[in-house]
Amino acid sequence: MSSTARAAPPSEIEVEVISLFDQLQERLLGYVLAFGLSAHDAEDVVQETFLSLFRHLQLGRSRRNLRGWIFRVGHNLALKRRSANQTANASVAYESIAALHCDPGPSAEEQFAFSQRQRRLLSVLEALPEQDQRCLILRAEGLKYREIAEILGISLGSVSMSLARSLARMARAEGR
Amino acid sequence: MRKNDAHLSDQELLLYADGEVSQSRASHMREHLAACWSCRSRSLELEGAIASFVQLHRSRLDALPPRADGLRSSLKARLAATRKTSRIRLLPGAFWQQAACAGIALALLAAGVWRIYRDSFRTGHNVNVAVAAALPNRSLTPGYTRPVKLSELCSQRQSNAPPDEDTSVEQRVFHEYGLPFSTTSYEVDYLITPDLGGADDVRNLWPEPYGSTDWNAHVKDELESRLHTMVCDGQIDLATAQRDIATNWIAAYKRYFHTETPLPNAAEATRWKVEHRRWTIALAGRFSLWTFVPVR
């Protein structure tokens, strides 16, 4: 039966979308989760983003900086999803990490070896404005300041100011 | 232009480190940094904060529950469906109507094929159909745990009854499996039972057939009970039990009960359990010091 499914070969665009998905899905998921979405919603958003990418490419639209495009669309879809869920359980970004790490049973603790220091950093991160958290994540995903500014709809100066401010806070928290 | 001996701000240090300044500015900054220990140490502090953040960010990604490649397969299927429908637009107008019908038929076929493919996805093609139905699709139900302490799990027996009736969740589970909603043929059951730290999450729930196969919900209950006992007796750790039951509960049953087929009835399993308890208690009596060392 699977041979039937494979009978029609995927188009070049499909192959390209899947390859970009393989490269970026985990990173995009990490970014989208910081909107306080559940893992299930975040995965939906990731899938929708790549479907939009497929439509974007199919219509022959610009291929310039597809990585930036993917994060921008993921960002917008995540915002949309969050406002749709707002009544349910809007949570603060990074809350989910705390849950993942504070949680667990014996093995999980060993697994993540989550130290006091990291907990302290986590509380600093949680206290940051969402915009600052997003700047950090996007930068950690290797995006240029220009790309970050574009995704978040802010100026280049705001990006560097936000990053410097957040990092300085983290450095202070670490007693550096 | 700023003098080389003026200290650099955090923002400038970061822009410099991230390669976001012009070449001429960068060379001034480099000169300043070469001469200024204070700015260099500040720059190192920022680098340290970057390293910590990256570590934290990565550990969050690593801590995500296993997703198998369900997301990828589902994206591929949706792209394939788009492919079928998008062809319609390319056909000449005169054939549009017929082509639309053909396209819809193709899309339906693709969806059907996808469902069948998805259901057999994890277990492979030569697998016994009955076993396939008794096992969840790992890409849809990888198993999901909640934060829990061993002492909580072992101090009181939790309810392993199927999750409270939340029809919307149940419907979602059926929908994900491409099955018509039916509580008479299936029981929406936990993959990792709450007794072993399983969560009330759609990733931990699947429609389990009622008695239609040898490997049914009752048999799984026996395994759950056994694993719970073993975890609380410290014979296996919780993570192993969670992994074993989530990976392939039938294989786990065979391994833990040393049998290729489900035990004839629950009584046999219960008898084993009682004997096992007795044995454990006897052992605990002999090695009490060792046995009662707190786990956590």
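Colleague: Does B:His228 count as buried or exposed, and how many C-beta neighbours sit inside 10 Å?

Modeller: In this predicted model, B:His228 counts as buried because 21 C-beta neighbours lie inside 10 Å, and the cut-off for that class is 20 or more.

Colleague: Where is B:His228 placed, and what does B:His228 touch once residues up to four places away in sequence are not counted?

Modeller: B:His228 belongs to helix 9 of chain B, which covers residues 217-232, and, with residues up to four places away in sequence not counted, B:His228 touches B:Asp195 and B:Leu196. The C-alpha atoms of B:His228 and B:Asp195 are separated by 6.6 Å, although these two residues are 33 residues apart along the chain.

Colleague: Switching to the two chains, how many helices and strands are there in chain A, and how many in chain B?

Modeller: Chain A has ten helices and zero strands, while chain B has twelve helices and two strands. Along the sequence of chain B, the pattern is α-α-α-α-α-α-α-α-β-β-α-α-α-α.

Colleague: What percentage of residues count as buried in chain A, and what percentage in chain B?

Modeller: For chain A, 39% of its 176 residues count as buried, and for chain B the value is 28% of 296 residues. As for contacts between residues at least 6 apart in sequence, 75% of those in chain A join residues at least 24 apart, and in chain B residues 24 or more positions apart account for 69% of the contacts with a separation of 6 or more.

Colleague: Which residues touch the most other members in the largest nonpolar core?

Modeller: That core has 59 residues, and A:Leu28, A:Val32, A:Leu138 and A:Leu167 touch the most other members. Helix 2 of chain A, residues 12-33, supplies the largest share of this core with eight residues, and at least three residues are drawn from each of domain 1 (11-89) and domain 2 (102-176) of chain A.

Colleague: And what is A:Leu167 in contact with, leaving aside its neighbours within four places in sequence?

Modeller: Leaving those neighbours within four places aside, A:Leu167 is in contact with B:Leu14, B:Leu46, B:Ala49 and B:Ile50. There is also a second, separate core of 25 residues, which includes B:Val173, B:Leu191, B:Leu205 and B:Leu238.

Colleague: One last topic, the backbone: what is phi for A:Asn65, and what is phi for B:His258?

Modeller: A:Asn65 has a phi near 50 degrees, a positive value in a residue other than glycine, and B:His258, which is not a glycine either, has a positive phi of about 50 degrees. For background, most residues other than glycine have a negative phi.

Colleague: Where do A:Asn65 and B:His258 lie?

Modeller: A:Asn65 is in the loop between helix 3 (39-58) and helix 4 (66-85) of chain A, and counts as partly exposed because 15 C-beta neighbours lie inside 10 Å. B:His258 lies in the loop between helix 10 (238-257) and helix 11 (266-286) of chain B, and with 7 C-beta neighbours inside 10 Å B:His258 counts as exposed.

Note on methods: Residues numbered from 1 in each chain as written. Chains lettered and ligands numbered in written order. Predicted model: local features only at pLDDT ≥ 70, side-chain atom pairs only at ≥ 80, totals over all residues. Core = buried A, V, L, I, M, F, W, Y, C linked by C-beta atoms within 7 Å. Buried ≥ 20, exposed ≤ 12 C-beta atoms within 10 Å, placed from the backbone. Domains from an automatic or database assignment. Contact = placed C-beta atoms within 7 Å.
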